[in-house]
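Hi,

Here is the structure I promised to pass on to you.

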Amino acid sequence: MTENNAPTRNQAVLKWVDDMAKLCKPDKIVWCDGSEEERARLTKECLAAGELIELNQQKLPGCYLHRSDPNDVARVEKLTFICTKNKEDAGPTNNWMAPDEAYKKARAIFDGSMKGRTMYVIPFLMGLPNSPFAKIGFELTDSRYVVLNMRIMTRMGKIALEQLGDSPNFTKGLHSRADLNIERRYILHFPEDNTIWSVGSAYGGNVLLGKKCLALRIGSWLGRKESWLAEHMLILGIQNPKGEIRYVCAAFPSQCGKTNLAMVVAPNALKGYKTWTVGDDISWLRIGPDGKLWAVNPEAGFFGVAPGTSLKTNPAALQTVQRSTLFTNVALKPDGTVWWEGLDGDPPANCIDWLGKPWTPASKDKAAHPNSRFTAPASQCPSISPEWENPKGVPISAIIFGGRRAKVAPLVFETFNWQHGVYVGSTMASETTAAAAGQVGVVRRDPMAMLPFLGYHAGEYFRHWLDMGKKITKPPKIFHVNWFRTNNQGKFIWPGFGENLRVILWILDRCEGKGDALKTPIGCVPTPDAIATTGLAISPETFKELLSVNREEWRQELELQNEWFASIGPRLPKELWDEHSALAKRLEAKPESVVLKEG
Ligand code: OXD
Ligand code: MN
């Protein structure tokens, strides 16, 4: 048994660690405590082993660069499985493997995979200590890089052990790099066993098991069981000139600017407004005693996409990553600082690219990988909310679903009620991005931005959302936004970034029974003057185009939604088909032009 040097007497933990050690056969087992001493020791070992490169410590104190294996740079959805006893329970949107087969396949790869290596035991907490939202997980890993990342992304060590006490109630995560062979790579979730096995990868989204695996896939399963929601949503606080703060949650597919919106800065034209970051990727939502929906960010750090992050797009993120940050697959400049495409200023005259090769602006490949990342403590963010560690969470006024659509979806619309909002979330669509391996630019349905992160059947997930709606006595309003609408030349017509706040202010007005809106078949859009446009170089015609709802495009959209709903099968709630038919009817009805003053 591993008991001797273990900082816990929890028998369930000790037995499981022992069993996993027998399988993986590490030379040594180290229990992580999350201390500064541990960070310094592991960093030193990583530097000696070439797993980290020290960056310029004057300019970027506590910052290091990691280069991953070139075949291991993104989440691999085709190797990600939900392993439920019944295939039907994983649903049509997930890869499924029978638990026995999955354990057997992975066991063969884990067997002896840690020989000559150390197994690190990471106890971690997702959420805040003493919070009804908190969940405890363990990750056993043979990667120091994983330990260092988990230290930033979660609350790890003693704090998690204390919270767990003697309880056998924890998520069992096992990870080994094994031989980093894509043919022997699996990301396996066993929701019925509260277990995650990830093998053959070292990329964050596949191996930082607290994040997508626990907080979303296993989290969504637990959420259904325990009546809460685990969602792929940022949490943002908006303070008005009177000092009142309202919070919104927003779901966008990967690489559609969630981190940027979570740290958005009010443009000069919106004097007196201030924004507060609570979370940039994941929300756990529960019904509070007041009947409202309350959200917590279960993470402690940001695992953000570097390319495109600049003073223009996200000054707060740039400030956040100036210290104690791990960079993965970005370019290295001669002065020991980092660079990526989209960073302010000219590209460096020369640097070392993410593969470790010399690069100049004449090189045809990118210097930083399009999915290169920074891992940084959330506490370093200049806009971090004073409430971000409140164990109760923050009350949510609005839920925003955001697709990435060149046409069809207007800049913003308000749904008619919770059920209609769930329908809009369930039919969200977007183009694929570089966060996941595979083709980029293909339109796919991404319900609630959860397609790659659902821990169970999509139809039942929608049912769970509908059921939650019946229990929330003071539900947030649900909206849909699309920052990505283009004109006929294919150019974006909305400036995005800080200006998105103008749209959010209209959303908040609507939540308070203010803000003018026009009822259309798809929902309520702002009247042309309901969104502040002072200081925006947008013509009234363009603004009209941004808010327009084209009935013919929506009829075609309905056809596509038909196929999508049909693909979910009989577990798709009837209410969503009803919403689909109701929209079809509204599209056929005579155009209305009712201006609604009331929210
Ligand atoms: C992420 C993702 O890394 O959504 O957050 O892929
Ligand atoms: Mn994400």
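Below are some notes on salt bridges and on one helix.

First, how to read them: this is a predicted model, in which local features need pLDDT of at least 70 and side-chain atom pairs count only at pLDDT 80 or more, while totals for chains, interfaces and linings use all residues. Residues are numbered from 1 along each chain as its sequence is written, chains are lettered from A and ligands numbered from 1 in the order in which they are written, and side-chain values use heavy atoms, with hydrogens and water left out.

**Salt bridges**

The structure holds 41 salt bridges (a side-chain nitrogen of Lys or Arg within 4 Å of a carboxyl oxygen of Asp or Glu).

Let me start with Lys22 and Asp18, whose side chains form a salt bridge with an N to O distance of 3.1 Å. Both belong to helix H1 (residues 11-24), where they sit 4 residues apart, about one turn of the helix. Helices here are DSSP runs (H or I, at least four residues), as are strands (E, at least two), numbered from the N terminus. An α-helix has 3.6 residues a turn, so residues three or four places apart point the same way. Lys22 counts as exposed because its relative accessibility is 56%, whereas Asp18, at 9%, counts as buried. The cut-offs are under 20% relative accessible area for buried, over 50% for exposed and partly exposed in between (1.4 Å probe, protein chains only).

Next comes Lys212 with Asp281, a salt bridge whose closest N and O atoms are 2.8 Å apart. This pair links distant parts of the chain, 69 residues apart: Lys212 lies in helix H8 (residues 210-226), and Asp281 in the loop between strand E15 (274-279) and strand E16 (283-287). Both residues, Lys212 and Asp281, are buried.

In helix H12 (residues 458-471), Asp467 and Arg463 are 4 residues apart, or about one helical turn. Their salt bridge has its closest N and O atoms 3.9 Å apart. Asp467 is partly exposed at 29% relative accessible area, and Arg463 is partly exposed at 27%. Elsewhere on the list, Glu88, Asp89, Arg224, Glu460 and Arg571 are joined into one network by salt bridges that share partners.

**Helix H11**

How many residues of helix H11 (residues 418-426) are buried? The count is 8 of its 9 residues, so it is mostly covered. Among the buried ones are Trp418, His420 and Tyr423. At the start of H11, a side-chain oxygen of Asn417 comes within 3.2 Å of the backbone nitrogen of Gln419.

Technical notes
Polar contact = N/O pair within 3.5 Å; in protein donor to acceptor, adjacent residues only side chain to side chain.
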